[in-house]
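Visitor: I've never looked at this one before. Could you walk me through it?

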Amino acid sequence: MLKVLLAQDQKPLSYVENQQVKGFIPDYLSLLSQRTGLKFEYVMCRDYAEMLQRFADGEGDICGQLYE
């Protein structure tokens, strides 16, 4: 299982609604999972900066968004 870090304030890319992870990135990874069998676990971060810091600290395998 790959741990995917996502910023929860990045609508429409990733966000939380009704306690569910939603957005383009989770939708894409769900399709990728169906086609490849890869499994993803989402870790929601307060914002983009926290996501990058947690990735740098080794808390995730993939960053959901990269802008720089």
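Visitor: Which strands does helix α2 lie across, and at about what angle does it run to β1?

Guide: Helix α2 covers residues 48–56; helices (H or I, at least four residues) and strands (E, at least two) are DSSP runs, numbered from the N terminus. Angles here run from 0 to 180 degrees between N-to-C directions, with axes fitted as lines to C-alpha atoms, for helices over the stretch in contact. Helix α2 lies across β1, β5 and β6, and its angle to β1 is about 155°.

Visitor: Before we go on, what kind of model is this?

Guide: Residues are numbered from 1 along each chain as its sequence is written, and side-chain values use heavy atoms, leaving out hydrogens and water. Local features need pLDDT of at least 70, side-chain atom pairs count only at pLDDT 80 or more, and totals for chains, interfaces and linings use all residues, as this is a predicted model.

Visitor: In what order do the strands of the parallel sheet come?

Guide: Two strands pair if DSSP finds at least two bridges between them. Strands β5 (40–45) and β6 (62–63) are the edges, each pairing on one side only. Strand β1 (residues 2–7) pairs with β6 over two bridges, and V4 has I62 as its bridge partner in β6. This open sheet of three strands has the order β5-β1-β6.

Visitor: Which strands does helix α1 touch?

Guide: Contact means heavy atoms within 4.5 Å. Helix α1 (residues 24–36) packs on the sheet, with its direction at about 170° to that of β5. The strands it touches are β1 and β5.

Visitor: What about the antiparallel sheet: what is its strand order?

Guide: Its edge strands are β2 and β4 (20–22). Two bridges join β2 to β3 (residues 14–17), and three join β3 to β4. The order in this open sheet is β2-β3-β4.

Visitor: Which residue in the turn between β3 and β4 has a positive phi?

Guide: β3 and β4 form a hairpin with two residues between them, and E17 has Q20 as its bridge partner in β4. The positive phi, about 55°, belongs to N18.

Visitor: Is Q10 buried or exposed?

Guide: Q10 sits in strand β2 (residues 9–10), with S14 as its bridge partner in β3. Not counting residues up to four places away in sequence, Q10 touches Y48, Q65 and Y67. Buried means under 20% relative accessible area, exposed over 50%, partly exposed in between (1.4 Å probe, protein chains only). Q10 has 17% relative accessibility, so Q10 counts as buried.
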